[in-house]
Amino acid sequence: MLNLYSQYADEYDIIVKELGFDAPKAEFVEFALQFLKKEHRILDVAAGSGDFGKRIKQQGEYNIDGLDPCKELLDIAKSNKIYNHYFNEYIRHDSRCSIPDESYDVIVSSGGFHPSQITPKELDEVLRMIKTNGILIFYYVSKKTDGFEAFLEEINAKIEELINKSKIKEISSKDKVNMELKYILRFSAFQKL
């Protein structure tokens, strides 16, 4: 998948828009903004070309960094001066990325939780980087007709596990329905305990 993102990095934003995948992003930014403060240190995980960071910065100056495994997409974000710091690396459940424990007040992922990108197994690694009482904000497909059922079961089970172990608590969620593309997105915000 990384090769595909690298190959189409220059056209990525256009492709995403043409496929209709950018449609929920404005609503997700609105959802996320209710939890963001200017003094927060924020990490955009699966930042890509910086679309979320760009939209957030249109709302004011935020202290936001970007992390993505695709160097070519991060280079686009860097050329637009979207983030303060850039991390070209993966989030993996079986290894740690270079970011120290409890570095961020908020971690946001705008569409990064997906079977081919960040899977539910990586939630522990993401939480490791969030300060105690910090916030994780992300969205994921919560219903889809083309094979997302296993991913949905896995992410819901992982969230339930983390809640039951008192590692997180849900502070907000909202469903966004797209009948044309036949999916429901779940916008979620969790506090790390």
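The sections below take up the salt bridges, beginning with the basis of the values.

## Basis

This is a predicted model, in which local features need pLDDT of at least 70 and side-chain atom pairs count only at pLDDT 80 or more, while totals for chains, interfaces and linings use all residues. Residues are numbered from 1 along each chain as its sequence is written, and side-chain values use heavy atoms, with hydrogens and water left out.

## Pairs within helices

A salt bridge is taken here as a side-chain nitrogen of Lys or Arg within 4 Å of a carboxyl oxygen of Asp or Glu, and by this rule the count comes to 14. Helices (H or I, at least four residues) and strands (E, at least two) are DSSP runs, numbered from the N terminus.

In helix H4 (residues 51–57), Arg-55 and Asp-51 lie four residues apart, about one turn of the helix, and their side chains form a salt bridge with an N to O distance of 2.8 Å. Helix H5 (residues 71–79) holds Lys-71 and Asp-75, again four residues apart, and these side chains meet in a salt bridge at 2.8 Å, N to O. Lys-71 is partly exposed at 45% relative accessibility, where buried means under 20% relative accessible area, exposed over 50%, and partly exposed in between (1.4 Å probe, protein chains only); Asp-75 is partly exposed as well, at 33%.

## A pair between strands

Arg-186 forms a salt bridge with Asp-175, the closest N and O atoms being 2.6 Å apart. Because Arg-186 lies in strand E7 (residues 183–192) and Asp-175 in strand E6 (residues 168–178), the pair ties together parts that are eleven residues apart in sequence.
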